[in-house]
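Here is a short tour for you to follow with the sequence and the coordinates side by side. Please keep both open as you read.

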Amino acid sequence: MERTYLMVKPDGVQRGLIGEIVARLERKGLQLIGAKLMQVSTEQAKKHYAEHEGKVFYDKLLTFITSGPVFAMVWQGDEAVAAARQLIGKTNGLEAAPGTIRGDFAIHTNYNLIHGSDSHENAEREIGIFFQDSELVSYEKNIQLWI
Ligand code: RTP
Ligand code: MG
């Protein structure tokens, strides 16, 4: 089992795509164990994007991710990091394959709707930036009981 940090960015929230994105992740078989609509602080944004500090797009990245509410999520499952990255698609919406979230809904690199952790280590680091342990739940999936 692995956890990953996913975040519908301000453009995805503004465009009403939270439900569409959550539905795709659920159908893939990943399990949602934490979620909240929140305003990212500049301090959180700097920690989250530390690896991009010094790059030409760094300032824009901080401005954008703090520009409005995001939908922060923790998803769990086998190969959760890779599975989510596959559903999300390439960074540039134009290059992302149709059928992926970015390929279906994004055109640009800056406004690409969703963030997904790129490694197990970064996932755990990013979860720690946005969630307290007490905000995450643990539950068995037992579909037979509820249908
Ligand atoms: P993310 O972290 O958002 O899931 O996206 P990613 O792994 O596909 O892309 P990454 O290289 O980590 O870049 C983080 C975000 O920075 C913006 N970006 N702009 N050349 C550029 O102008 C440029 N490159 C990256 C994108 O919004 C990307 O999602
Ligand atoms: Mg990244």
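The report below goes from the overall fold to the strands, and then to the annotated residues and the ligand.

## About the model

This is a predicted model, in which local features need pLDDT of at least 70 and side-chain atom pairs count only at pLDDT 80 or more, while totals for chains, interfaces and linings use all residues. Residues are numbered from 1 along each chain as its sequence is written, and chains are lettered from A and ligands numbered from 1 in the order in which they are written.

## Overall fold

The protein has eight helices and four strands; these are DSSP runs numbered from the N terminus, with helices being H or I of at least four residues and strands being E of at least two. Reading from the N terminus, the order is β-α-α-β-α-α-β-α-α-β-α-α.

The C-alpha trace spans about 50 × 35 × 25 Å along its principal axes. A compact globule of 147 residues would have a radius of gyration near 15 Å, and the protein agrees with its 15 Å (taken over C-alpha atoms; the globule rule is 2.2 Å times the number of residues to the power 0.38). Of the 147 residues, 31% count as buried. Here, buried means 20 or more other C-beta atoms within 10 Å of the residue's own, exposed means 12 or fewer, and partly exposed lies in between, with C-beta atoms placed from the backbone. Among contacts (C-beta atoms, placed from the backbone, within 7 Å) between residues at least 6 apart in sequence, 72% join residues at least 24 apart.

## Strand β3 and its partners

Strand β3 covers residues 70–77, and seven of its eight residues are buried, so the rest of the structure largely encloses it. Strand β1 (residues 2–8) runs antiparallel to β3, joined by seven bridges, and strand β2 (residues 31–38) also pairs with β3 in the antiparallel sense over seven bridges. Pairing calls for at least two DSSP bridges between two strands. To find your place, look for Tyr 5, whose bridge partner in β3 is Val 74, and for Ala 35, which stands opposite Met 73.

Thr 4 lies in β1 and is buried, with 28 other C-beta atoms within 10 Å. Beyond four places in sequence, Thr 4 touches residues including Trp 75, Ala 84 and Gly 116.

## Annotated residues

An unreviewed UniProt entry places an "active site" at His 115, and its "binding site" annotation covers Lys 9, Phe 57, Arg 85, Thr 91, Arg 102 and Asn 112. Such annotations may be inferred rather than shown by experiment. His 115 is found in strand β4 (residues 114–116) and is buried, having 21 other C-beta atoms within 10 Å. Its contacts beyond four places in sequence are Leu 6, Met 7 and Lys 9.

Arg 102 sits in helix α6 (residues 101–105), whereas Asn 112 is in the loop between α6 and β4. Arg 102 is buried, with 24 other C-beta atoms within 10 Å, and Asn 112 counts as buried with 22. Asn 112 is in contact with Arg 102, and also with Thr 91, Gly 93 and Ala 106.

## Around ligand 1

Which residues are around ligand 1? They are Phe 57, Leu 61, Thr 91, Thr 109, Asn 110, Asn 112, His 115, Gly 116 and Asp 118, where a residue qualifies if its C-beta atom, placed from the backbone, lies within 6 Å. This shell divides into two nonpolar, six polar and one charged; Ala, Val, Leu, Ile, Met, Phe, Trp, Tyr, Cys and Pro count as nonpolar, Asp, Glu, Lys and Arg as charged, and the others, Gly among them, as polar.

Notes. Two residues are in contact if their C-beta atoms, placed from the backbone, lie within 7 Å.
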